[in-house]
Structures are given as C-alpha cells and as structure tokens.
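Here is a short briefing to read alongside the model. Please keep the structure open as you go through the points.

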Amino acid sequence: MGKQKRETTFSAHAVIEHPRGTGRFVLIEETATHKEGKFNFPGGNEDEEDITLIKTATRETKEETGGENSTDPDQGLDIVINGLIAIYPHERRPKHRIAVFSGFVASGIMRPTSEHPIVDAYSIEEIDEFYRNDMLRHP
C-alpha cells in the first residue's frame, strides 16, 4: 500500500536570519517566467521523502542557497529552524497551504544557483524597499 494522497498540499518557506543576531534575512531572486525578478524567502513544495514541513523548509533553503545542489556537500548553509510563524492558504490554490518558519544560519556560506542568481541577506529596511517597489513575490 502506497502513501495516500492528501486533499491538502503544503509548501514551506523559511525566514532565515544571517548572520544570527544581525537582523538581516536571506532572500533569493526568482527566475521562473511568472515570478522573474521577484524576491522571496527560500522555500518550496514538500516532497514525498520530507517527514515534516520543517524538513521541507530546511531542504528547500539549502537547495536555494547553493548547498544541496553542490558537488561539495560541505558547501551551503547549516540552518536551524526554531519556530513557526504562520500557516496560511495559498491565494490561487484553494487546497494548498503555506507554512512559514523562522530560523537562523548556524554556519556556512551562500552561493547563487542557476535558478536563483541572487542569494543574499537583507535588512528589514531593504526588504521594506523591495515591498514598496513591488519586488517581493509574496508581500
């Protein structure tokens, strides 16, 4: 018997402080056609092998900041997820929910990927500027 398909699907995103204690948060630039040029917190859809949404948020953050896709497994970020911020419905997919977690970088460095050419940490003021200029994928 295989895994039953749930009616509700999930994605998980992470608001990751980097470096810890600085008030700077990791954002990635999106390149897919429908979201090109927008910035977003790292995250994505849960995979079958993800045991929890925390695992989804951790895996997606590592993938999108240059760790998981690297040929060197020591590259990328070692992150700690330390809280749940919110779970909310997706604006265009009625049976989809988005979980947003908080966390911080414990060690490592970020590297751009082919899907995310800009990976950096921004202050609240800079993120607010992105918001005012309609540069955030999920304001």
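Predicted model: local features only at pLDDT ≥ 70, side-chain atom pairs only at ≥ 80, totals over all residues.

Leaving aside residues up to four places away in sequence, Ala57 touches Ala12, His13, Ala14, Ile79, Ile81 and Phe101. A second, separate core of 10 residues includes Leu27, Phe39, Val100 and Phe130.

**Overall layout**

- The protein chain holds 2 helices and 7 strands.
- Read from the N terminus, its elements follow the order β-β-β-β-α-β-β-β-α.
- The protein chain has 139 residues, and 41% of them count as buried.
- Taking contacts between residues at least 6 apart in sequence, 63% link residues at least 24 apart.

**The largest nonpolar core**

- This core has 17 residues, and those touching the most other members are Ile16, Leu53, Ala57, Ile79, Ile81, Phe101 and Met110.
- At least two core residues come from each of β1 (9-17), β2 (24-29), α1 (53-64), β5 (77-89), β6 (96-108) and β7 (119-123).
- The biggest contribution to this core is from β1, which gives 4 residues.
- As general background, nonpolar side chains in soluble globular proteins tend to be buried together.

**Strand β1 and its partners**

- Is β1 largely enclosed or left open by the rest of the structure? Buried residues make up 8 of its 9, so β1 is largely enclosed.
- Strands β1 and β6 run parallel and are joined by 9 bridges.
- Within that pairing, Val15 has Ser102 of β6 as its bridge partner.
- With β4, β1 pairs in the antiparallel sense, over 3 bridges.
- Here Ala12 has Gly44 of β4 as its bridge partner.

**Strand β7 and its pairing with β2**

- In β7, 4 of the 5 residues are buried, so this strand is largely enclosed by the rest of the structure.
- Strands β2 and β7 run antiparallel, with 5 bridges between them.
- Leu27 sits opposite Asp120 of β7, and Leu27 is also one of the residues in the second core.

**A closer look at Gly103**

- You will find Gly103 in strand β6.
- Why does Gly103 count as buried? Its relative accessible area is 9%, and buried means under 20%.
- Which residues does Gly103 touch, not counting those up to four places away in sequence? They are Val15, Ile16, Glu17, Val80, Ile81 and Asn82.
- One of these contacts, Val80, is 23 residues from Gly103 in sequence, while their C-alpha atoms are 5.3 Å apart in space.
- Another, Ile81, is among the residues touching the most other members of the largest nonpolar core.

**The largest pocket**

- The volume of the largest pocket is about 450 Å³.
- Its lining has 26 residues, of which Lys35, Gly43, Gly44, Glu64 and Arg137 are the closest to the pocket's centre.
- Each of β1, β4 (43-45), α1 and β6 supplies at least two residues of this lining.

Note on methods: Residues numbered from 1 in each chain as written. Heavy atoms only, no water. Core = buried A, V, L, I, M, F, W, Y, C linked by side-chain atoms within 4.5 Å. Buried < 20%, exposed > 50% of the residue type's maximum accessible area, 1.4 Å probe, protein only. Contact = heavy atoms within 4.5 Å. Pairing = 2+ DSSP bridges. 1 Å grid on protein atoms, 1.4 Å probe; cavity = no way out; pocket = protein on both sides within 12 Å on 5 of 7 lines; lining within 4 Å. Points joined across faces, edges and corners; volume = space filled by probe spheres on them.
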